[in-house]
Amino acid sequence: MASQEIRAAVKDYIMEEFLPGEDPATVSDSTALLSEGILDSIATIKLAAWLEDHYGIELEAHEMSVDNLDSIAAIAAIVTSKLEARG
Amino acid sequence: MSGRRLQDLLASSVAARPDAAALIEAGSPGPAWSYRDLAAAAAAIDAVLAEIGVGPGDRVGIHLAKSQAAVAALFAVLGRGAAYVPLDVTAPVSRLAWVARDCGLRALVGAAPAFEALVAELDLVPTAARDLGLSGLAEPLKILASGWSEADHRAELPAGEELAYILYTSGSTGRPKGVMHSHRSALAFVDWCSEVFEPRPEDVFSSHAPFHFDLSILDLYVSLKHGASLVLIGEELGKQPRALAPIIAEHRISIWYSTPSILSLLCFYGRPERSDCTSLRLVLFAGEVFPLKNLNALRELWPWPRYANLYGPTETNVCTWYELPEGPITADLPIGAVCAPDRGLVVDPEGRVVAAGEEGELVIAGGTVMKGYWNLPERSAGAFLELDTGAGYYRTGDLVRDRGDGQLLFVGRRDRMVKRRGYRVELGEIEAALCRLDEVYEAAAVALVDAEGATLIRAFVVWRAPEPPALVAIKKALGRELPLYMLPDSFVWVENLPKNANDKIDYEALKRTGS
């Protein structure tokens, strides 16, 4: 699955679920979502659960960190690496 | 100075069990610290504090992520007869700088780049990092003197009431306020815990709450008093529900203490069934109402430990408690009966005790109650209800009623404070922060409850510019003023705010329009 496709799907989910009504242009692929408080810790957990369901991957506890989930680009990167590892 | 102090608890355990594991950092490859190691690290920090001239009556800010070294720093400060002020490393630097100045810190202990930012904000001269020979630190510990004058910052405390720590909580006037606890009030609480929970040296305690949160007092001092082990769970790790059950299993934690929010997340998102948590013998929770559905699910998952609901604002430590009977809870969970060191009354708005079973405000006097708010003598005086008996009763602001058997039920709040994930949030402080933003003319915040029983904060904002800002932009701006747990979940841009007959904001109308 192309990274661009994953970015788009993740963004759609985040906009719909956590930022309804918000102009999608305000969130770029590199916008810091967690460290700037745009998504809170509960939203992060829901996001991780959605990623697992949607992509059939499993995130380890240590992978659910700000480093891996702070931006749409970072999220797409970890999803891509999980999908590649699965083969 | 007379009487016992918190550091005496550590000293006894160091003497009795020098080689027992005192502190374990969850998720860290470093070794456990024995009681001897902890005492040695505290002594190394103490030497530097002494050099700086920290002594009785001073305050020292601790700007450290939860770690073995942070615990050593707390004890080093106490050992000098000073009070520690834990600074939330995740909070905006501007807020921390305000706190540091408010309580006139004599010195600061910190590490890592975040500390540099605070030092720069405070305009202090950065000092070279000192190698204290402490192992396992991600960053070298830095200790520096503020050089601020002492004259303006004196706590007026009666003799024998030496201050141990100041915890800053959300303040209704727009700035945080420092709750002062003495060694005596902290020890009254710690000793009560010993009586009712009977900790043993074999126990392994969780330390989930950050040190700036009052739940940490039980974790730290009760565990170390009894020569038990304390598993330090850092802020980042602690927010990840999937990390928690494996930590319980790995370290064989027997006494767990956290907010209901964390236990709910652990239960529903933490895959608890994959970990062996049978080491738990006691599960304690405090800080907010536990939604019954979540509580019952947790107890079905883990039926073996004792469970207790602990209640008390930061100002009183824990002042009521309720041990859960076996089986599912079907009616409202009580906050329980008043703890032995304290006395509690339920009073009407004029301060008269209400008839049995009637609703009123809970007021608390006794051993565990704070000494007042730092540098706010009038607010401190106003926080207490003076009764004919001469005793000052702290007004909790919580409305309660006796359900008929001496067990109190929480009914609601007298004012505009809400609990969000266990943290106190004064809606007025959010409004004040919003109003500090240039384009905001007026703002109001209300608390709503979602389908899962969690608190949601909605802000209504009168915006002066033609176009309202993006949600992302306003959250970022507000995030420079407030800790993340205080950021509103949603914003509504309005032309004006509804007012009542007294020209005050009509919050009830906002709650109706907002939901």
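**B:Ser279 is buried, with a relative accessible area of 13% (buried is under 20%, exposed over 50% and partly exposed in between, with a 1.4 Å probe and protein chains only).** The model is predicted: local features need pLDDT of at least 70, side-chain atom pairs count only at pLDDT 80 or more, and totals for chains, interfaces and linings use all residues. Residues are numbered from 1 along each chain as its sequence is written, chains are lettered from A and ligands numbered from 1 in the order in which they are written, and side-chain values use heavy atoms, leaving out hydrogens and water. B:Ser279 sits in the loop of chain B between helix H10 (260-269) and strand S12 (282-286); helices (H or I, at least four residues) and strands (E, at least two) are DSSP runs numbered from the N terminus. Residues up to four places away in sequence aside, B:Ser279 touches B:Ile248, B:Arg252, B:Ile253 and B:Ser254, a contact being heavy atoms within 4.5 Å.

**B:Arg252 has a positive phi, near 55°, in a residue other than glycine.** This arginine lies in the loop between helix H9 (241-251) and strand S11 (255-258) of chain B. B:Arg252 is partly exposed, with a relative accessible area of 41%. Among the residues that B:Ser279 touches is B:Arg252.

**B:Asn317 also has a positive phi, of about 55°, although it is not a glycine.** The loop that holds B:Asn317 runs between strand S13 (306-311) and strand S14 (320-323) of chain B. With a relative accessibility of 3%, B:Asn317 counts as buried.

**Chain A and chain B bury about 1900 Å² between them (accessible area, with a 1.4 Å probe, that two parts lose on being put together, summed over both).** Carbon and sulfur atoms give 58% of this area. On the chain A side, A:Glu36, A:Ile38 and A:Ile45 lose the most area to chain B, together 25% of what that side buries. Chain A brings 22 residues to the contact and chain B brings 20 residues.

**Five salt bridges are found across the interface of chain A and chain B (a side-chain nitrogen of Lys or Arg within 4 Å of a carboxyl oxygen of Asp or Glu).** One salt bridge joins A:Glu52 to B:Arg242, with the closest N and O atoms 2.4 Å apart. Helix H2 (residues 41-55) of chain A gives five residues to the side that touches chain B, the most from any element. A salt-bridge network links A:Glu52, A:Glu58, B:Arg242, B:Arg271 and B:Arg274.

**A:Glu58 and B:Arg274 form a salt bridge, their closest N and O atoms being 3.0 Å apart.** This pair crosses between chains, from A:Glu58 in the loop between H2 and H3 of chain A to B:Arg274 in the loop between H10 and S12 of chain B. A:Glu58 is partly exposed at a relative accessible area of 34%, whereas B:Arg274 is exposed at 53%.

**B:Arg281 and B:Asp203 meet through their side chains in a salt bridge, 2.7 Å from N to O.** Distant parts of the chain are linked here: B:Arg281 is in the loop between H10 and S12 of chain B, and B:Asp203 is in the loop between helix H6 (183-197) and strand S9 (204-207) of chain B, 78 residues apart. Both B:Arg281 and B:Asp203 are buried.

**B:Glu431 and B:Arg416 meet in a salt bridge of 2.7 Å, N to O.** B:Glu431 belongs to helix H13 (residues 427-435) of chain B, while B:Arg416 is in the loop between strand S21 (408-413) and strand S22 (417-420) of chain B; the two are 15 residues apart. B:Glu431 is buried, with a relative accessible area of 10%, and B:Arg416 is partly exposed, with 25%.

**The largest nonpolar core has 126 residues (buried Ala, Val, Leu, Ile, Met, Phe, Trp, Tyr and Cys residues joined through side-chain atoms within 4.5 Å).** Helix H3 (residues 68-79) of chain B supplies the largest share of this core, ten residues. A:Ile14 and B:Leu310 have the most contacts inside the core. Neighbours within four places in sequence aside, A:Ile14 contacts A:Leu19, A:Leu33, A:Leu39, A:Leu47, A:Ile72 and A:Ile75. Another core, of 28 residues, lies apart from the largest one and includes B:Ile248, B:Leu266, B:Val283 and B:Phe285.

**A:Ser71 is in the loop between helix H3 (66-69) and helix H4 (72-86) of chain A.** A:Ser71 counts as buried, at 11% relative accessibility. Its contacts, neighbours within four places in sequence aside, are A:Asp29, A:Ser30, A:Thr31 and A:Leu33. A:Ser71 and A:Thr31 are 40 residues apart in sequence and 5.6 Å apart in space, C-alpha to C-alpha.
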